[in-house]
Amino acid sequence: MFEKIKSGMLLFLIVSSIFLTYRLWFGQPSLEEESMPHYEEAFFTAPPVSSGIIQPAQIIFYDHDHTIHFYRRGSRGFDRLWSKGLNLIKEKVELKNAKSISKSDLEGLMTTFSSRLVYNFKPSIPLVFMTGTSVIDDLSFEGAVFLWDEELLYVIFIGEENLLLPLGRADDLQGGVSPVLDNPHQLLPPVIELALSRDEENKDGVEKEAGEEEEKEADDVGAAPVNGKDVIDGGDEQQLGWEIETRGEIYVPEGDIPAAEVRLREEEIDREQLVRAFFIDLSLARLIEERDGALYYTDGEKGLRIYPSGLVEFAFPWLERNSSNISYSLALQKGAESMSLYGGWPSGAYLEEVENRGRVYRLLWGTNHEGLAFKGEQTGCEMEINDQGVLFYRRNIYLVGEEISGKMPFRSYEEALYQALALDEQFFRENTPVLLALEPVYYIPSAGKVEKAIPAWSVHFQGMEKKYLHWVTLDPL
């Protein structure tokens with residue numbers, strides 16, 4: 001009897017093993033048939049089209065009478081000129097007809113055609129973003145130049161390789177250009193001879209916000225030799241002489257630039273939706289309230305910190321593992337989608353900086369208001385992206401409210417240069433001033449609670465940090 005029981009149990013175990021093995025091998029549906037969980041990405045705003053990710057930093061129109069009309073992102077007339085040229089390229093460019101031209105031939109064409117429209121891209125733009133197709137993978141360029149005479153129209157893509165393409169009739173472009181030619185500028189020469197008298201420095205009765213001690217120090221500086229040159233004796237007036245070299249093309253307006261301080265406020269981002277964008281399963285994220293009022297979410301691998309000021313920081317260093325190379329165009333596309341997913345695509349957003357770190361791209365996005373870019377510490381949206389996703393994300397974007405001061409014109413660029421040189425007189429006594437950049441901007445103070453943006457001249461000399469000078473008083477900000 002006992003032997004029969006053992007035999008029965010053994011038979012049962014054998015049958016069970018066979019059945020369970022069959023179920024393991026053939027009882028479950030294949031992976032292809034299994035329904036995988038689907039997570040829908042809830043974008044705050046729709047991602048921009050590829051041509052909207054990077055716009056020209058500058059659009060320059062050279063008229064037949066040699067008048068230069070200059071437009072920055074966001075300025076009046078910019079969008080119309082950009083859309084007109086972009087539509088022509090998309091409709092009429094056939095890359096199979098592209099002809100490579102040398103730098104010397106390019107310079108010759110520039111002098112042959114009296115009228116031209118120039119798009120300058122800083123940083124460069126992938127060709128596929130404008131044409132929709134590219135004969136060379138990830139081919140990018142720094143500029144696009146339209147040239148035309150009475151009949152024919154051409155476009156030249158400027159980069160490591162210059163490509164010339166025909167676009168048809170000249171009137172296809174001229175009709176969209178003429179109505180917006182109202183922003184005359186001048187191109188600064190390679191060497192600027194700058195001499196300002198005390199009366200010119202304080203013209204228009206503008207009262208500087210400085211005490212008597214500061215004014216005395218300024219007078220003492222004015223009595224010393226500058227840039228290796230003695231003070232120029234102008235009779236009853238004294239003039240300070242500077243010789244400034246310029247690098248690259250720097251354009252300055254011929255007329256006034258009216259501007260006013262504007263009120264700022266933080267973005268109103270739905271916090272719950274933002275957290276869900278970073279953490280699909282909120283049950284795995286732990287919330288920590290920090291002493292400074294910031295909220296920190298983490299699941300052990302990635303972390304999201306939301307500050308009371310509206311600043312958002314996210315880090316996911318684990319994504320650096322097993323990453324591979326990513327193309328420039330794909331990094332830009334992922335960057336634009338990430339900004340739309342993690343807070344939304346801001347009005348006036350533009351790509352300010354790009355840094356290729358091998359398998360990772362660092363992208364810095366900025367915003368502007370009425371053609372003047374917002375500048376300041378930790379302003380804009382910075383991210384690091386590889387083929388796996390977003391490794392780092394920092395967002396600090398402000399919305400523009402009403403003007404909080406009356407509009408007043410910027411002081412002249414000569415006065416701004418003079419002030420910037422005088423602030424570092426000792427350095428420039430021993431070094432030739434080399435001007436790298438000069439532009440009007442909105443400066444956002446970093447100290448205390450941010451409430452407003454101040455118009456300012458941004459001046460950058462070689463060997464020195466950028467200076468931001470108040471648009472009316474020229475005091476350093």
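Student: How do the residues of the lining of the largest cavity divide into nonpolar, polar and charged?
Tutor: This is a predicted model, where local features need pLDDT of at least 70, side-chain atom pairs count only at pLDDT 80 or more, and totals for chains, interfaces and linings use all residues. Residues are numbered from 1 along each chain as its sequence is written, and side-chain values use heavy atoms, with hydrogens and water left out. Ala, Val, Leu, Ile, Met, Phe, Trp, Tyr, Cys and Pro count as nonpolar, Asp, Glu, Lys and Arg as charged, and the others, Gly among them, as polar. The lining, which includes Glu266, Ile269, Gly310 and Arg395, divides into 3 nonpolar, 3 polar and 3 charged.

Student: How much space lies in the largest cavity?
Tutor: A cavity is a set of points on a 1 Å grid over the protein atoms alone where a 1.4 Å probe fits but cannot get out, and lining residues have an atom within 4 Å of a point. Grid points are joined across faces, edges and corners, and a volume is the space filled by probe spheres set on the points. The search of the whole structure finds 4 cavities of 30 Å³ or more, and the space in the largest is about 60 Å³.

Student: Which strand gives the most to the lining of the largest pocket?
Tutor: A pocket is an open set with protein on both sides within 12 Å along at least five of seven lines, and the largest has a volume of about 980 Å³. Strands are DSSP runs (E, at least two residues), as helices are (H or I, at least four), numbered from the N terminus. Of the 40 lining residues, Tyr350, Glu352, Lys375, Glu439 and Lys466 lie nearest the centre. With 6 residues, the strand that gives the most is β27.

Student: Which strands stand at the edges of the open sheet of 8 strands?
Tutor: Two strands pair if DSSP finds at least two bridges between them. The order is β15-β16-β17-β18-β24-β23-β20-β19, with antiparallel pairing. Each edge strand has a single partner, so one side of it is left without a neighbour in the sheet; the two are β15 and β19.

Student: Is Gly343 buried or exposed?
Tutor: Gly343 lies in the loop between α10 and β19, and it touches Phe44, Ile269, Leu274 and Arg395 (heavy atoms within 4.5 Å), not counting residues up to four places away in sequence. Buried means under 20% relative accessible area, exposed over 50%, and partly exposed in between (1.4 Å probe, protein chains only). At 14% relative accessibility, Gly343 therefore counts as buried.
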